[in-house]
Amino acid sequence: MHKAYLLSLLVCLSLNSYSQKLYVWCPKTQEIKPRSGFLAKDTIDLVIFDGRVLTKNSRIECSSADVMAAIASNIQKAYPAALLQIQGDSAYYRDPVPGRITLKLGVSAFHAGFGVDISVGIGSIGGSFSYGIIPKGKWNAITAYYLRLYDYRNGKTEKLTTSISKIASRPKMWGYWSAKECLNETYMEANQDLLFFIDGGLMN
């Protein structure tokens, strides 16, 4: 009897997870204000790790590689005078290289869903995120980053960390358009916070 109950519970949990459909679209191009001359000739090792947990039946219209490339492009546009070196995600758990700046960016979330479904796809890659109450009867979207910034220039060994999470909600009456707009809104807000974090951490 006890085994049968546990089996039924596992089946229910599995079906519930499968039914929670998530949506991912490529973000719109974001206008970025260049920090002209800032970090001139400094090398930045950029590591982006996709830690999202997307359900099997999710509607994915933008690959992980495309999402990560869009984030990297924003960072390059913000710091055009720096020498940006994009590393593979396997470098996420390696030690930073002396003499350089290293930014490790873990993507915990970049997806939309209806109601509380978005909570399913949030990956656990460190940090402490505060999401608040997620509306049940609306389209919701979330973008969440966990950041580690290492400043190893000129013999320094400074490390800063932060968590960024942005949630947006819209009524369901406009369908997928509402979901896309929510997702793009959270993405752009998260990127602004990301760049402000880098600015503050590396300014003299």
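Before the details, a word on the source. The model is predicted, so local features need pLDDT of at least 70, side-chain atom pairs count only at pLDDT 80 or more, and totals for chains, interfaces and linings use all residues. Residues are numbered from 1 along each chain as its sequence is written, and side-chain values use heavy atoms, with hydrogens and water left out.

I will start with the overall layout. The chain has three helices and seven strands. Helices here are DSSP runs of H or I with at least four residues, strands are runs of E with at least two, and both are numbered from the N terminus. In sequence order the pattern reads α-β-β-β-α-β-β-β-β-α. The chain has 204 residues, and 45% of them are buried. Buried means under 20% relative accessible area, exposed means over 50%, and partly exposed is in between, using a 1.4 Å probe and protein chains only. As for contacts, which are heavy atoms within 4.5 Å, I take those in the chain with a separation of 6 or more: 76% of them are between residues 24 or more positions apart.

Next, the core. A nonpolar core is a set of buried Ala, Val, Leu, Ile, Met, Phe, Trp, Tyr and Cys residues joined through side-chain atoms within 4.5 Å. The largest one holds 42 residues, and the members touching the most others are Ile 71, Ile 75, Tyr 79, Leu 105, Tyr 145 and Leu 194. Several elements supply at least two residues each: strands β1 (22–24), β2 (43–50), β5 (101–114), β6 (138–151) and β7 (158–171), together with helices α2 (64–78) and α3 (176–202). Which element gives the most to this core? That is α3, with ten residues. Apart from this core there is another, of six residues, including Ile 118, Ile 134, Ile 142 and Ala 144.

With neighbours within four places in sequence set aside, Tyr 79 contacts Arg 35, Phe 38, Leu 39, Leu 195, Ile 198 and Asp 199.

Tyr 79 also lines the largest cavity, along with Ile 44, Ile 75, Ile 101, Leu 103, Leu 149, Ile 198 and Leu 202. Rolling a probe the size of a water molecule over the atoms shows where empty space is left. On a 1 Å grid over the protein atoms alone, a cavity is a set of points where a 1.4 Å probe fits but cannot get out, and lining residues have an atom within 4 Å of a point. Grid points are joined across faces, edges and corners, and the volume is the space filled by probe spheres set on the points. The count is one cavity of 30 Å³ or more, and the largest cavity contains about 40 Å³ of space. β5 and α3 each supply at least two residues of its lining.

Now the disulfide, meaning a pair of cysteine sulfur atoms within 2.5 Å. There is one, and it joins Cys 26 to Cys 62 with an S to S distance of 2.0 Å. The pair links distant parts of the chain, 36 residues apart: Cys 26 is in the loop between β1 and β2, and Cys 62 is in the loop between β3 (59–60) and α2. The torsion about the S-S bond is about 90°, so this disulfide is right-handed. Cys 26 is partly exposed, at 42% relative accessibility, whereas Cys 62 is buried, at 2%. Another cysteine, Cys 182, is buried at 0%.

The loop between β1 and β2 also holds Lys 41 and Asp 42. Lys 41 has a positive phi, near 65°, in a residue other than glycine, and its relative accessible area of 72% makes it exposed. Asp 42 is 57 residues from Gly 99 in sequence, and their C-alpha atoms are 9.1 Å apart. Beyond four places in sequence, Asp 42 contacts Ala 82, Leu 83, Ile 101 and Arg 153.

Asn 154, in the loop between β6 and β7, has a positive phi too, of about 50°, although it is not a glycine. Asn 154 is exposed, at 77% relative accessibility.

Not counting residues up to four places away in sequence, Glu 181 touches Lys 28 and Arg 170.

How values were computed. On a 1 Å grid over the protein atoms alone, a cavity is a set of points where a 1.4 Å probe fits but cannot get out, and a pocket is an open set with protein on both sides within 12 Å along at least five of seven lines; lining residues have an atom within 4 Å of a point.
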